[in-house]
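Here are my notes for a first look at this structure. Have it open beside you as you read.

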Amino acid sequence: MYPIERPRRLRVSPNLRAMVRETDLRPEQLIYPVFVKPGEMRRDPVLSMPGVYQWSVDTLVDHLTEVYASGVHAFLLFGIPEHKDETGSEAYDDNGIVQKALIALKKALPDSILIADLCLCEYTSHGHCGILTPEGMVDNDPTVEILARTAVVQARAGATIVAPSDMMDGRVGAIRHALDQSGHTEVAIMSYAAKYASAFYGPFREAAENTPTFGDRKSYQMDVANRREALREVLLDVDEGADLIIVKPAMPYLDVLSDVRERVLVPVAAYQVSGEYAMIKAAGANGWIDERRVIEESLLSIRRAGADMIITYFAPQVANWLTGRQ
Ligand code: PBG
């Protein structure tokens, strides 16, 4: 008999396993994305995302007050505007829906971390993330100007962080400049630095009502086949002043997440997107997987790959489990 290595020695009891556990999951690491629309007393279900709703400002405040108490303190806001137009003007209107929600949430939950998603696709009549050239291409530099202007409006309404998700070139630098010029030097930028042109965003487009009316987003979001290019995008954003960066989607891109974690010093978030959520929910509802265990495993995997924070629709549910409330 030769001596064999026995890693199982450290797995024999729950206490031993807990002692040598390399990765943890805490409610404070979770960021909860929410959808807000005009009206009152609204709580409209998103059919492809069971458990996810479109809220009006009043119901959103109540909902997030509860979620805050469970230990999730960061919220990512998406707006569904009253009117859409060519330039997405409700995005940078002081009376726009996200601005109203920011003001109300800042008042109700002054210590919460309010992250404003910064993009035009929910606000444009054509559903693209920027304004268009006559040929129908998204026009980079004029779009960046509108984004910078929107960031200032969001900061004024109380955003702690702005999160540009448009994938235009040079937007982080322009947004930083605009925020600083307008006295919002303390507002941080969390950029969707490596955002792929992913089919996993499918259910989100129902939730946020932002499906492009023609074409796709491949001329601005990244090619799903590319790994090295993600580092280029991330390093550019950090260089331009991003305080935190996002890799999106999460589970299909753990290689990218791991690369990014090794190369930058700023905190890295991963976005477990709508399609990832919907798949787990659908399989769970059918009894094909153990929903709770799969959710926990998915989040731990994302943490293990290098995410400091995770943006996830599961945030309230998981926080309740972690704090033993449910
Ligand atoms: C667009 C945006 C998208 C998501 C967040 N911001 C989708 C898109 O590019 O169409 C997707 C999030 C998700 O799928 O959960 N600004």
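How much space lies in the largest cavity?

1. About 130 Å³ of space lies in the largest cavity. A cavity here is a set of points, on a 1 Å grid over the protein atoms alone, where a 1.4 Å probe fits but cannot get out. Grid points are joined across faces, edges and corners, and the volume is the space filled by probe spheres set on the points. The count comes to 3 cavities of 30 Å³ or more.

2. Before going on, keep in mind that this is a predicted model: local features need pLDDT of at least 70, side-chain atom pairs count only at pLDDT 80 or more, and totals for chains, interfaces and linings use all residues. Residues are numbered from 1 along each chain as its sequence is written, and side-chain values use heavy atoms, with hydrogens and water left out.

3. Back to the largest cavity: 19 residues line it, and Lys 195, Tyr 201, Phe 204, Asn 210 and Lys 248 lie nearest its centre. Lining residues have an atom within 4 Å of a point. Strand S7 (188-195) and helix H6 (202-208) each give at least two residues to this lining; helices (H or I, at least four residues) and strands (E, at least two) are DSSP runs, numbered from the N terminus.

4. Now for the pockets, which are open sets with protein on both sides within 12 Å along at least five of seven lines. The largest pocket has a volume of about 280 Å³. Of its 18 lining residues, His 63, Val 67, Pro 316, Gln 317 and Asn 320 are the closest to the centre. At least two lining residues come from each of strand S3 (53-55), helix H2 (57-69), helix H9 (274-285) and helix H11 (315-322).

5. The second largest pocket holds about 170 Å³ of space. Look for Val 20, Arg 21, Glu 22, Thr 23, Leu 300 and Arg 304 along its lining.

6. Helix H4 is worth a look too. With 18 residues (140-157) at 1.5 Å a residue, H4 should span 26 Å, and its end C-alpha atoms are 26 Å apart, so the two agree. The expected span is 1.5 Å times one less than the number of residues. Just after H4, Gly 158 has a positive phi of about 120 degrees.
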